[in-house]
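Please look at the sequence and the three-dimensional structure shown below. The report that follows describes selected features of the two in running text.

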Amino acid sequence: MAEHVLEPDSSRRGFVNWFLGLSGVAFFLSTVYPLSRYLVPPRVAESTAGTVTLPIKPDDVKANSGEIFKFGSRPAILVRTPAGDLRAFSAICTHLNCTVQYRTDLTQIWCACHNGHYDLNGKNVEGPPPRPLDAYVVNVRGNQIVVSKSA
Amino acid sequence: MAPAKAFDGDIHKAKGFGCVACHGGDANAAGMEAMDRAKGFIGVPKRQQIPQVCGRCHADAAFMKRYNPSLRVDQVAEYESSVHGSRLRQLGDPKVATCASCHPAHNIRPPSDPKSSVYPLHVADTCGRCHGDAKYMAGYKIPTDQVAKYKTSVHWKAMTDKGDLSAPTCNDCHGNHGAVPPGVSFVGNVCGQCHSLTADLFKKSVHAKVFAEMGNPGCATCHENHGIQPPGDFMLGLGDKAVCSTCHGADDKGGKTATEMRALIDSLSGETQKANAILLQANHAGMEVSQAQFDLNGAKDALVKARTAVHSYTVAPVKQEVEVGLAISSKAYARGIRAMQDLRFRRVWLTIFLVVVLALAAGLVMKIRQVDRRPTSGSPPKH
């Protein structure tokens, strides 16, 4: 009679042990893998952020002015043309990677490092820059300015 | 190729001109009678005639406006002022270039046409057909390695590798129709067309006057003329490859200034790299340092500006830029250090947490086993 009672108990215990062992292995793996990825992180490329919402309101950007903003960890420039259009470009000069700025007196984007000039389409028009600034897409959504790398 | 066949791609044909426009004669007559000298037929123009033949139209502003209002009409006048033109006029030199040497007759294309002999990418080879031919140039006693040197230069690489067709080629420094050597005192002006800030600093510097007195060719004294290589910090100071050491020694004022400027540039360069490295390390470890990386661009700008300021050949402007850059890079480095300290803090507490969790799990397992070893309450008592 006693042996008859012990048989199902032993089988239940075996199942619990098997379940506990499997859970232990799963717990170990689910802890160790993210931990190893945390301790030895993969080499990541530069920020690939494709869109950024600016901390500037459209009305705060006056005509014939420009403002530098952060696009990932790189500088970009938002320009309001004298005609009122909003445009955005990479603010990295194509000559030696200095940060460009807006020149109200010239109505141009200008690099102070070697006197490079760009027009308000980002085209290099004077000085040593070899090619135009990369252009971004500007969208105004309500009271927000959203700049994207492509449409 | 027969002239008539090549003429299909010629800009003049596209504008409606035929053989008579240059060779004269009667366009309405068929056969040999078209080539009537009484009707202005000139046949193949002699070398001395070519500028005048082209100039009949190209020096006539009213005529040219009908075809291309923006095209200059001073090419012949410019040519007269060139070495080529003056040798042709004064010496009747049969080897000098005329219009057709660079704009091949019957296949003349505008400079914007990639098939044109004067398309920016082809200018060096067009000039080099004569100027790179030592045998052809033997009587002129000028070097013939200009094109070979130019093709090692940073300008040629900008044009070919980066596709920058505005990068200078032969005519941008020497003029095209009025081609002459730039002239010693004007080299800075030539380079300054693009490198205006650097040229302005140089013009105001002690070197502008001294170089002119010594007969040194301005910018080209340190940077060469045709084989201009990418500049680097190695050029500054009194090291092995430093150009300053050509004239200056460790004991003279110029040598000391050069050494001091180099030390300043090196310090900013080193500090910027150090800050950049730690920020990259923190970034790769998943820490948010994008604002610090963004701000570090200011130090990189300052480094470029300091390198430009070297052309003032005084320490103060270089120091001014370096100090700005050092302040930025030192702040960025401190933020990198803080990010790494934060990372270490997180790792330590993660380790502590894991030890506690694992200890708890181990304790749980031991407890379960202990419970397993206990006699079951339902066992029959032993007698």
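In which loop of chain B is B:V118 found? B:V118 is located in the loop between α8 (99-102) and α9 (120-131) of chain B. Helices (H or I, at least four residues) and strands (E, at least two) are DSSP runs, numbered from the N terminus. With a relative accessible area of 17%, B:V118 is buried; buried means under 20% relative accessible area, exposed means over 50%, and partly exposed lies in between (1.4 Å probe, protein chains only). B:G227 is 109 residues away from B:V118 along the chain, and 21 Å separate the C-alpha atoms of the two.

This is a predicted model, in which local features need pLDDT of at least 70, side-chain atom pairs count only at pLDDT 80 or more, and totals for chains, interfaces and linings use all residues. Residues are numbered from 1 along each chain as its sequence is written, chains are lettered from A and ligands numbered from 1 in the order in which they are written, and side-chain values use heavy atoms, with hydrogens and water left out.

**Domains**

The domain bounds come from an automatic or database domain assignment. In chain A, this assignment gives domain 1 (1-42) and domain 2 (51-149). The centres of these two domains of chain A, taken over C-alpha atoms, are 59 Å apart. Chain B is divided into domain 1 (2-183) and domain 2 (259-372). For domain 1 and domain 2 of chain B, the separation of the centres, again taken over C-alpha atoms, is 59 Å.

**Chain A: overall make-up and the helix**

Chain A contains 1 helix and 10 strands. Read from the N terminus, the order of its elements is α-β-β-β-β-β-β-β-β-β-β. Of the 151 residues in chain A, 38% are buried.

Helix α1 (residues 2-39) of chain A holds A:F15. Together with A:V16, A:W18, A:F19 and A:L22, A:F15 forms a nonpolar patch on the surface, and the accessible area of the patch is about 560 Å². Such a patch is made of residues with over 30% relative accessible area and no salt bridge; like charges are joined within 9 Å, and nonpolar side chains (Val, Leu, Ile, Met, Phe, Trp, Tyr) within 5 Å. The accessible areas come from the Shrake-Rupley method with a 1.4 Å probe, and for residues only the protein chains shown count as cover.

**Chain A: a sheet of 4 strands**

Strands of a sheet pair through backbone hydrogen bonds, either parallel or antiparallel. In chain A, 4 strands in the order β5-β6-β7-β8 form an open sheet with antiparallel pairing. Because β5 (101-103) and β8 (124-126) of chain A stand at the edges with a single partner strand each, one side of each has no neighbour in the sheet. On average, neighbouring strands of this sheet are turned by 40° against each other, direction ignored. Two strands count as paired if DSSP finds at least two bridges between them.

β5(A) and β6(A) run antiparallel and are joined by 3 bridges. A:Y102 stands opposite A:I109 in β6(A). The hairpin formed by β5(A) and β6(A) has 4 residues between the strands, and A:T107 in the turn has a positive phi of about 55°.

Strand β6 (residues 108-111) of chain A also pairs with strand β7 (residues 116-118) of chain A, in the antiparallel sense and over 3 bridges. Here A:I109 stands opposite A:Y118 in β7(A), and A:C111 stands opposite A:G116 in β7(A). β6(A) and β7(A) likewise form a hairpin with 4 residues between them, and A:N115 in its turn has a positive phi of about 60°.

In a regular strand the side chains alternate between the two faces of the sheet. From β6(A), A:Q108 and A:W110 point one way, A:I109 and A:C111 point the other way, and all are buried.

**Salt bridges**

The structure holds 17 salt bridges over all chains. A salt bridge is a side-chain nitrogen of Lys or Arg within 4 Å of a carboxyl oxygen of Asp or Glu.

| Pair | Closest N and O atoms |
|---|---|
| B:K13 and B:D8 | 2.6 Å |
| B:R346 and B:D342 | 3.1 Å |

B:K13 is partly exposed at 39% relative accessibility, whereas B:D8 is exposed at 53%. B:R109 and B:D113 are both buried. B:R346 and B:D342 are 4 residues apart in helix α19 (residues 315-373) of chain B, so about one helical turn separates them. B:R346 is partly exposed at 41% relative accessibility, and B:D342 is partly exposed at 30%.

Conventions. Axes fitted to C-alpha atoms, helices over the stretch in contact; angles between N-to-C directions.
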